[in-house]
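Start with the whole and then go through some of its parts.

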Amino acid sequence: MDTVRGYVEKIVYRNEDNGYTVMTVVQDKEEIACVGTFRYINEGEYAELSGHYTIHPSYGEQLVVESYEIKVPEDAVAIGRYLGSGAIKGVGPALADRIVRRFGEDTFRVIEEEPERLSEVKGISKRIAAEIAGQLEEKKDMRKAMIFLQQYGISMQLSVKIYEKYGQDMYNIIRCNPYKLADDIQGVGFKIADEIARKAGISKDSDFRIKSGILYVLAQSSAGGHVCLPIERLKEETSELLEIMGADFDKYITDMIIEKRIVLKEIKGVRHIYSSNYYHTELAIAAKMNELNIKSNVPADMILRKIERLQTDLGVNLDEMQIKAVAEAANSGVLIVTGGPGTGKTTTINMIIKFFEEEGMDILLAAPTGRAAKRMTEATGCEAQTIHRMLELTGGSDNDDASLVTGFGRNEENPLEADVVIIDEMSMVDMFLMYALLKAVAVGTRLILVGDINQLPSVGPGNILKDLINSKCFNVVMLTKIFRQAAMSDIIVNAHKINKGEMISLDNKSRDFLFIKRNDANSVINAMITLVREKLPSYVHANVWDIQILTPMRKGMLGVERLNAILQGYLNPKSPDKEEKEYGDGVFRQGDKVMQIKNNYQTEWEIRGKNGLVIDRGMGVFNGDMGTIRAINTYTEILEVEFEEGRFVAYSFKQLDEIELAYAVTIHKSQGSEYPAVVIPVFNGPKPLMNRNILYTAVTRAKKCVCLVGIEPAVGEMIGNENQQKRYSGLAERLVEIEQKF
């Protein structure tokens, strides 16, 4: 190990997130380039650094630092350099020089023990003297905190957050209850807190640990769409997580109910546990839906006469259920319209729009995703927006918990200016988006919710559309008739067969529903590559990028992770002309097709004109948004993605966990999207994922052509498997409770 002792002359580069720093250190008038991870260091500080020398191809000899210690400067020159480096706000080189000339090597002692003596120096008042002393003390405390937290493996970024939150109380919290960090500080989850607790010697059966574990299991369950968990399942999963057998979980659950951190409710005779914010969000949705559900009492004959006239004027013939839907829309505060593909949902929405337009009403149309909103616009001829944009997203909490998002310009204090709000693709709407929407809908505004109840539920927590229908508290119109034009499409015919559990024909006599038989996973992949690259683009008159591979699973031979690594090599191969960024086990490459995989309400986007000037700006990129990597800059550590509608988003390299390759995506992530053609591997896989609901959703994503690739028995297995992954929620029960009260 080589050792260098000297003062930090210049910070050349610092990554504030992980502490990686390039700097020059002066030792005996020699400048030495040093690189490494420094938790907290400033220009002018005196340090002892140990490591080994290496030769960088561009920057020459460098000391790669493996350990270091910040020392008190040993002489007047070093003290002056530190004070004048900018480390102490308001003290520049000239003032630092005057301080050191007055006190010499005794400077630090004077500042710490007799700060009032600084006023002996020209230009320093008693107030400034106190500020200098305070800053020096704070930096000393901060350095001590960094060193203390470092022993627990806490990153620099989190260390600063912890110190800023707790100050000197930090030490007691770390030693006694580090699980408090998981409650208070974004970025510290249960796993990190548990590791800190282990290093701090806190026992596995600590009360703090068990309670934090219960909250962690509830939070993790929301990633599977659950709003709550049956109490026995919660206890079982917490016991497994904490590796504790025989703990009295009922005692801890009771304590947490009293502390109002969780809520216990019976659903269909079974006790369920909610985290408090999830329960109160669900309850608020039920209360608001009940408020909006007002009957208009317009005479039925007047409504029907108007519908008949509109049909004549527009040259449209509605069936009985479509007429009922329009009539119910005219007379209801809340209406739900559901039905599969080809059952006339779009025609029904169009007639509802015409009906209300003739009444002179203001109508807003929205859908959960950009793609779904675009389809709604094309189908109705009226402008549709994403729900987020309609609610005027201004950026909210950067916390991963979507329940804490508050950054919408439209809310109960500033409601939407509309008489009618129509939301399409309701199966995709999770509980927190629904809550935000309802807060912005004033009582007296009609709310019309449209969706396919047989689609997969939302990626986020909740089972909103199904719970609303199952509550039987609202007018629901179910469209079932497949219209003649739709019946000519084997995609639509087969989708309905799949939904009914009927086997579909795989004889390839269809022009828009094909089956490619392949008997092993690698052959399936080769066939899919040929379809995407060569066969389908010309067949459906679309770009290669518009053809989408949809797979039920993330892992395995035909999972998203393996498929994307392989497809990237064929569809966007390595090239000297394309910048790259290694990330995790893979690489992002200029030109890659990518998808946003988490909601980020604070990310800014911009739309540019032909000359590159920004013509529009906004906030928010959302789970499922698809785009293309346009640029990667390894110097500035920025990766730029162009999403649909020409929205450009700049990601710092630290944000790359928010995107992933999207040559193949899970069927769940494809909700609300429509592609010219979809290619679906149908092979052996986990039984919970090889089900009817998933195959139905995948097939209904295609506009012109579906290609199944694999083995026929797997198709039959999926159609025959009715078992969907159960979601735990209690919205239907909350709705019934509130309706009974009123």
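The paragraphs below go from the chain as a whole to its helix pairs, its sheets and one cysteine.

The model shown here is predicted. Its chain has 742 residues, and buried residues make up 53% of them. The chain contains 26 helices and 28 strands. Taken along the principal axes, the box filled by the C-alpha atoms is roughly 95 × 60 × 60 Å. Contacts can also be sorted by how far apart the two residues lie in sequence. Among contacts between residues at least 6 apart in sequence, 68% join residues at least 24 apart.

Two helix pairs can be looked at in turn. Helix 1 covers residues 76-83 and helix 2 covers residues 93-103. Their axes come within 8 Å and cross at roughly 145°. The crossing in which helix 1 passes helix 2 is right-handed. On the side of helix 1, the residues in this contact are Ala76, Ile79, Gly80 and Leu83, and they meet Ala96, Ile99 and Val100 in helix 2. Sorted by class, the contact of helix 1 with helix 2 has six nonpolar residues, one polar residue and no charged residues.

The other pair is helix 8, residues 190-199, and helix 9, residues 207-222. Here the axes are 10 Å apart and the packing angle is about 160°. Angles over 145 degrees count as roughly antiparallel, and helix 8 and helix 9 are therefore roughly antiparallel to each other. Helix 8 passes helix 9 in a crossing that is left-handed. Phe190, Lys191 and Asp194 in helix 8 are in contact with Arg209, Ser212, Gly213 and Tyr216 in helix 9. By class, the contact of helix 8 with helix 9 is made up of two nonpolar, two polar and three charged residues.

Strand 6 runs antiparallel to strand 8 (residues 270-275), and two bridges join them. Opposite proline 230 stands histidine 272, which is in strand 8.

Another open sheet has seven strands, again with antiparallel pairing, in the order 21-20-24-23-22-19-25. What is found at the edges of this sheet? Strand 21 (614-621) and strand 25 (659-661) stand there, and each has a single partner strand, so one side of each has no neighbour in the sheet. From one strand to the next, the twist averages 40°. Within this order, strand 22 (residues 626-633) and strand 23 (residues 638-643) pair in the antiparallel sense over six bridges. Alanine 631 has glutamate 640 in strand 23 as its bridge partner.

The last stop is a single residue. Cysteine 707 lies in strand 28, which covers residues 702-710. Is cysteine 707 buried or exposed? Its relative accessible area is 0%. Buried means under 20% relative accessible area, so cysteine 707 is buried. Leaving aside residues up to four places away in sequence, cysteine 707 touches Leu514, Leu531, Leu536, Val678, Val679 and Ile680. Lysine 122 is 585 residues from cysteine 707 along the chain, and the C-alpha atoms of the two are separated by 82 Å.

Key: Residues are numbered from 1 along each chain as its sequence is written. This is a predicted model: local features need pLDDT of at least 70, side-chain atom pairs count only at pLDDT 80 or more; totals for chains, interfaces and linings use all residues. Side-chain values use heavy atoms; hydrogens and water are left out. Two strands pair if DSSP finds at least two bridges between them. Helices (H or I, at least four residues) and strands (E, at least two) are DSSP runs, numbered from the N terminus. Axes are lines fitted to C-alpha atoms, for helices over the stretch in contact, and angles run from 0 to 180 degrees between N-to-C directions. Angles under 35 degrees count as roughly parallel, over 145 as roughly antiparallel, 65 to 115 as roughly perpendicular and the rest as oblique. A crossing is left-handed if the near helix is turned anticlockwise from the far one by less than a right angle, and right-handed if clockwise. Contact means heavy atoms within 4.5 Å. Ala, Val, Leu, Ile, Met, Phe, Trp, Tyr, Cys and Pro count as nonpolar, Asp, Glu, Lys and Arg as charged, and the others, Gly among them, as polar. Buried means under 20% relative accessible area, exposed over 50%, partly exposed in between (1.4 Å probe, protein chains only).
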